Amino acid sequence: MTPQTGREKRGFWDRLLLVDRRWLYVVIWLVVMVPMLFPFDIKPEAMPPVRKLFEYIDSMPEDKSLVISVDYTPDTRPELHPMAIAALRHGFATKRRVGVLCLNTVMSLGLAEGALRQVSEEFNSRATTREDSIINGEDYVFWGWSYPIITVLLGMGERITRVFPVDYYGHRTESLPIMASLKNYDDMGIVVCIAGSSIPLSWVNYAHTQFGCQIGCGITAVSAADFYPYLNSGQFTGMLAGMKGAAEYEELVSEKMVELGYEWDLPRKGTEAMSSQTAAHLAIMAFLIIGNIAFFITRRRKQ
Amino acid sequence: MNVAADPWVWVAAILTLAVFSFLYRENPFYRFAEHLFVGVSNGYAITFYFHRILMPYLIEPVSHGRDLWLIAIAMVGMLYFTRFIPKVSWLVRIPIAVVLGYSSGAYIPRAIDAQILQQLRATIVTRSSFATTLAGPGWQLGVWSIIIALGVIATVTYFFFSAEQKGILKPISRIGIIFIMVGFGASFGYTVMARISLFIGRLQFLLGDWLGLLR
């Protein structure tokens with residue numbers, strides 16, 4: 001009887017440690033899906049790195065442009081696309097001239113074009129005057145992609161139209177009205193590089209170090225720890241880290257748009273995901289705690 | 001429930017489910033999706049490079065008799081293909097040398113400034129470290145600056161292998177390990193957040209764009 005009882009007691013914690021990982025996937029699936037269908041109210045509180053980026057864009061001189069470097073691919077879309085959408089809304093709502101380019105890979109082009117089309121349609125579908133409209137070539141330009149990165153970044157310090165003789169849609173950039181006041185880094189208030197790789201560091205190395213251009217970044221959460229030193233040193237003006245960073249920035253932009261009279265109920269993918277994100281984090285913390293308890297109990301019993 | 005009518009949404013949804021099926025076990029649906037992704041990505045990239053790089057920057061000007069010097073540059077680039085001919089495969093070193101030389105020359109001076117000097121400067125605690133900014137009150141930022149400076153010294157000490165870690169080096173390197181572990185913890189936490197975010201993105205697509213269950 002005694003060995004039987006001992007096996008039963010040990011069995012529970014052992015079984016817990018040996019549970020098939022597919023059951024964990026099922027739990028995570030449910031934990032993410034249920035709050036998505038029945039969300040609870042979470043208001044993301046903007047952290048200093050996010051607030052700094054927002055404040056900088058918001059307060060930069062009117063004659064300075066916002067440039068967004070879209071350098072993510074479909075695999076990091078859920079984290080980074082909401083940042084691009086929010087940055088475009090911020091730029092258009094505050095009447096900034098906006099330049100968009102891709103540096104990393106051609107796969108970013110479709111995502112950048114999709115974001116531009118979506119946000120410009122949001123504004124244009126509600127526009128009643130020219131001032132409210134967002135026009136390609138006048139209010140924004142999509143330069144497209146060019147290569148190699150070093151040549152592009154150094155060349156943009158002299159003349160953007162030499163690096164991008166034609167834009168993504170095939171127009172001669174020299175002929176676009178917006179390019180008259182967007183010649184090189186001197187005309188840029190800030191470059192926000194949204195990337196799933198180390199491209200923001202290339203912007204720091206060349207555009208910031210050599211030309212003194214302000215750089216902000218939107219990055220995946222997995223690389224956030226690597227980028228914090230550059231935020232601390234002031235080489236990044238501000239930083240959006242992961243989906244949470246996107247949600248915080250969306251919240252600030254949303255408040256700003258309401259303040260400016262754009263009381264539109266626009267989709268905010270980052271904010272909408274926060275219920276699922278929170279529930280999943282709680283579940284993973286529970287897994288960690290239970291797993292550690294099980295580990296220490298079984299180890300003590302073995303000893 | 002408002003299921004998508006767009007056939008491409010259905011294709012994307014079915015491929016997403018095919019990839020997710022790997023969580024159960026490896027299977028032909030997953031392998032099909034994987035191979036399709038590699039093929040489509042490569043096909044897209046090659047076509048794009050041809051139309052957006054080779055055509056406007058090489059073929060078009062040269063075919064109109066402009067910038068004929070580009071032919072010489074193209075010839076150097078073509079040497080990459082000598083890799084497939086064993087007798088002359090050494091020629092591949094020429095374009096590699098050009099690219100490496102150019103990249104290193106452009107990168108190293110700026111990297112020394114951006115990645116070393118400015119990072120070192122950021123660890124120096126000065127009076128301005130205690131200035132109140134958007135990031136928080138001055139005393140708080142000052143304390144963090146001191147912690148960062150101590151962390152850098154302790155961590156660099158841990159990786160100081162020129163002397164045996166005993167005496168004063170031992171406790172400092174121990175503190176360095178703590179900083180390194182905190183760094184690993186932060187990285188792991190962020191990694192979990194990133195992976196969950198990606199899964200959320202796919203579920204937003206499946207439940208929202210495909211099945212129309214979300215707003």
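Trainee: Among contacts in chain A between residues at least 6 apart in sequence, what share joins residues at least 24 apart?
Mentor: That comes to 74%. Keep in mind that this is a predicted model.

Trainee: OK. How many helices and strands does chain A have?
Mentor: There are 12 helices and 6 strands in chain A. Its C-alpha atoms fill a box of roughly 90 × 40 × 30 Å along the principal axes.

Trainee: And what percentage of its 303 residues is buried?
Mentor: Buried residues account for 46%.

Trainee: Let's look at β5(A). Why is it described as largely enclosed?
Mentor: Because 5 of the 5 residues in that strand, 215-219, are buried, the rest of the structure largely encloses it. Ile215(A), Cys217(A) and Ile219(A) point one way, while Gly216(A) and Gly218(A) point the other.

Trainee: Which strands sit beside it?
Mentor: β4(A) runs parallel to β5(A), joined by 5 bridges, with Val191(A) partnering Ile215(A). The chain gets from β4(A) to β5(A) through α8(A), in a right-handed β-α-β crossover. β6(A) also pairs with β5(A) in the parallel sense, over 3 bridges, and there Cys217(A) stands opposite Met239(A). The path from β5(A) to β6(A) goes through α9(A), and this β-α-β crossover is right-handed.

Trainee: New topic: how many residues of chain A are in contact with chain B?
Mentor: 41 residues of chain A are, and they meet 40 residues of chain B.

Trainee: Which element of chain A gives the most to that side?
Mentor: α2(A) does, with 6 residues. The chain A side as a whole divides into 23 nonpolar, 10 polar and 8 charged residues.

Key: Residues are numbered from 1 along each chain as its sequence is written. Chains are lettered from A and ligands numbered from 1 in the order in which they are written. This is a predicted model: local features need pLDDT of at least 70, side-chain atom pairs count only at pLDDT 80 or more; totals for chains, interfaces and linings use all residues. Two residues are in contact if their C-beta atoms, placed from the backbone, lie within 7 Å. Helices (H or I, at least four residues) and strands (E, at least two) are DSSP runs, numbered from the N terminus. Ala, Val, Leu, Ile, Met, Phe, Trp, Tyr, Cys and Pro count as nonpolar, Asp, Glu, Lys and Arg as charged, and the others, Gly among them, as polar. A residue is buried if 20 or more other C-beta atoms lie within 10 Å of its own, exposed if 12 or fewer, and partly exposed in between; C-beta atoms are placed from the backbone. Two strands pair if DSSP finds at least two bridges between them. A crossover is right-handed if, with the strands pointing away from the viewer, the path from the first strand over the helix to the second runs clockwise.
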